[in-house]
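User: Could you walk me through this structure, please? I'd like to start with how the chains touch.

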Amino acid sequence: MHGYHASYRLIDLADGSCREVPLEPAVLQNYIGGVGLGVWLLLKESRGNYDALAPEAPLVFAFAPLVGSALNTSAKAAVLSKSPLTHRLNDAMLSSGFALAGKASGADAMVVKGACREWSTLFVEPSGTTIRATPELEGLSAAETETRLHEEWGEEWNVISIGPAGENGIPFALMSHDGRHAGRGGTGTVMGAKKLKAVAVKGGRPTTVADSSALAEIQARLQKNSLGAATEKYRTTGTLGNLLVFNRLNILPTLNFRGKRTEEAQGLSAEHLFREKKVHRATCADCMIGCEKRVTGPDGKPVRMEYENIFALGSLLGIWDADVVLEASQLCDRLGLDTITMGGTLAFAMECVERGLLDLPDLRFGNGAILLDAIRKTAAREDYGELLALGSRALAQRVGGGSEAFAAQVKGLEMPGYHPARLQTLGLGFAVGSRGADHNKSGAYDLDLSGRVDRFRLDEERIAEMVEIENQAAIIDSLILCKFVRRALTDFYGDSVEMLRAITGFDFDQEGLRTAAEKIHHLKKIFNQRQGWRMEEDTLPARFFAGGEGADAEGIDPAEFAAARKSYYDYRGWDARGELRSDARLLQRLDLA
Amino acid sequence: MTRRGAIILSEGNRGAEGAPPLPWRFGEQDLLARLVAEIRPVLAEMVVLAPAGALSPLYCRRFLEGVAVHPLPEQAGGGAALWEGAGHLGEDCGSVAVMRADLPYLTAGFLEEMFAALTPEVEGVGLAEGSRRMLLPAVYRRGRLSGLETRQPPLGAGSEWLWEGGRMTFLQAEPLQPGGPTAATPLDNAEEYRRALAHFGFCDSGHPAMTLELYGNLRIKTGCALLPLHAERIETAFAALRRIFPEAERFLPEVSDMGEHFRFSVNGRTVTTDLAHPLSEGDHLILFSASVGG
């Protein structure tokens, strides 16, 4: 079979076994790979409502047909599990060499279950898997872990690992590879619960391509478009370029989503950083866009910076000193903490302090001096860090006093740097997202800023386009391609079909891809329903609705929201409560019977 | 080789939205870097005096190699910048130039002509902060003010000052082109700038006065945050942008493709891709990339 190995590895850390399980062509055609294949595997390998950190909880690494092909910007893998933070589906993306090596290690996916007795590293290569006890790696950062494993076992291994936060069970710990992260929802926590410090993969068994010359033609076209106007912003300022213009458009969240546009934003902007700091461009493996920007921190070391870091650890906390934010970001990376959740939880805590709901006087907006201490204590579960380690939703439940109204999260996942009351289609996208508040899975900011809709309203007419954008995001995460290259595709479905056919030889077509997107969303819904999801979760905190306490003058109209949400459920083929009745016929259609 | 030469960078006004003071643009590079490159070889020693924070360490490393950069003490407004700075340099200083550290308004073409006109005639460029800045291409001729013993240089429209060998001289500007305007054209605010642009055909004074806000790579590369223009619709504003900053062509698609890769917001609330969208007096047109993923 071209483009696929037609199997996945089922690895049990408890007994060290590894089984190759065949994958039917129908499953691969229906779900493609990446997130699509990953959520199907998660459903197949789990039962009912389970504890995200139990040994039997599956951790899925899913690869895809485009990964390892000649197509640039495809070096990514999907990492899926039940999130210990949200207790719902968590589907993260991870970039660079690990994805390429993982695909070439001889399987389309790895499903890891069980737990090791002591801190260990899982080695995966074409000939099989080995689990080695590596207690000496405990306490090291992900970067240090990679270095040590390279020193001992060789640089040909691509390593993904966790830092101290994952070891300590912080529910928003991440896993990292070469400085890039599967960042949100506690992927690193799941690894830590398995006492799995690292996974090292080595390639050597690449897949084949059905039509090399067709692929070469597509690659030449994609490469040319990838270097044009469609990606110019990512190649030059990267996502850092969002901050100042978002501030100008009043989209930039400040002071726990309360503040408005401010002159101080200049201090964290790309325009300022490019002038005042050394900024280097970096790329993932096989990428020519180079969206990554490494900014030299106060200690002279480069720190990978992007918009979400400077928002979450900067504007959201009222901290405008670039050096402070760089240091904080570096620390989160070293400890293995999701910066968005860290920042979101801190912002929530700061507002609690302001309102007298928490007695932590140093934890106030604008106080950069406390930031590093708070991050360290969170990762170590020390002192007030034990509270911050809960995440904002659980902390709000602990604090009470109506604080849930201003914990800026959905399903427990803290909001990224887009104000949902000023980009209301995205706000709905946050609410109904299977993962929680996730701008990448939704992508509806494109619609809000397209000029075709009023971003300060919600109407049912826009839902079809909102669903279409979500579907394309799911397809991209299943192919896998980097989302930053999507504007370089002149005809999304046409180009995607062309790529898949050239690589796999399968008779993919546009209608089939649309159906795949629909099915992927059904699978996500089924998984969440099994974990206890209810419609009441598909909402936003009261702060973002008009008339709520402390709400924006431009808050979301609750009636518009309800109508738009219902319309979304209709488009998805779910009932009025957003539920999908998974009868036998549907399960068969979804290859889950 | 002559003696010490110096450039004094005076503070100037900061632009709105926190746009930092940036050295003057001058074609493909800024005027300060160009002056240093041209004048440095003929001086025994070159000094730049700049207010704290006006020149970033990165800028100094890239463009001011071999030049001693010293902080300029906090200064009063007006021509005191020249006096204060010159006092620090001492009487053995050969020639001194004083420049505004900001100036989002000047255009490359004017400065190019000015510089070309100046360099054969004088040892240094003298433009005192607080005096009217020269917009028009002009030839500077030497003159002398007698009895200059006062601590403050006199200010006057149409004249520029040069510190030479411990004495102040002033330069009387004359128009380069016969028949051109003889009075110095001031550029102290957006309205004056718009008038100058209209005079030189960059935009049409009959159109509404508005401001184009640049972000991201465009701002970084042009050094311009706010561009006061006359434009009656979005397309006209972009056409003016391209004429004023021809180097920005590299970062901009064809006008007809602008709507695909950029978004336009008028006054920060609505968003459009319609190049024919009308503009009104006082509007702020915000230009930003359509790629807003984070």
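User: How many residue pairs are in polar contact across the interface of chain B and chain A?

Analyst: The rule finds 12 residue pairs in polar contact there, both residues at pLDDT 80 or more, where a polar contact is a pair of N or O atoms within 3.5 Å, one able to donate a hydrogen and the other to accept it, and residues adjacent in sequence count only if both atoms are side-chain atoms. This is a predicted model, in which local features need pLDDT of at least 70, side-chain atom pairs count only at pLDDT 80 or more, and totals for chains, interfaces and linings use all residues. Residues are numbered from 1 along each chain as its sequence is written, chains are lettered from A and ligands numbered from 1 in the order in which they are written, and side-chain values use heavy atoms, with hydrogens and water left out.

User: And which side chains meet in a salt bridge?

Analyst: The rule finds 1 salt bridge across this interface, and in it the side chains of A:Arg248 and B:Glu213 meet at 2.7 Å, N to O; the term means a side-chain nitrogen of Lys or Arg within 4 Å of a carboxyl oxygen of Asp or Glu.

User: How many residues of each chain are in contact?

Analyst: In chain B, 39 residues are in contact with 39 residues of chain A, contact meaning heavy atoms within 4.5 Å. Chain B and chain A bury about 3300 Å² between them, with 51% of that on carbon and sulfur atoms, and buried area is the accessible area (1.4 Å probe) that two parts lose on being put together, summed over both.
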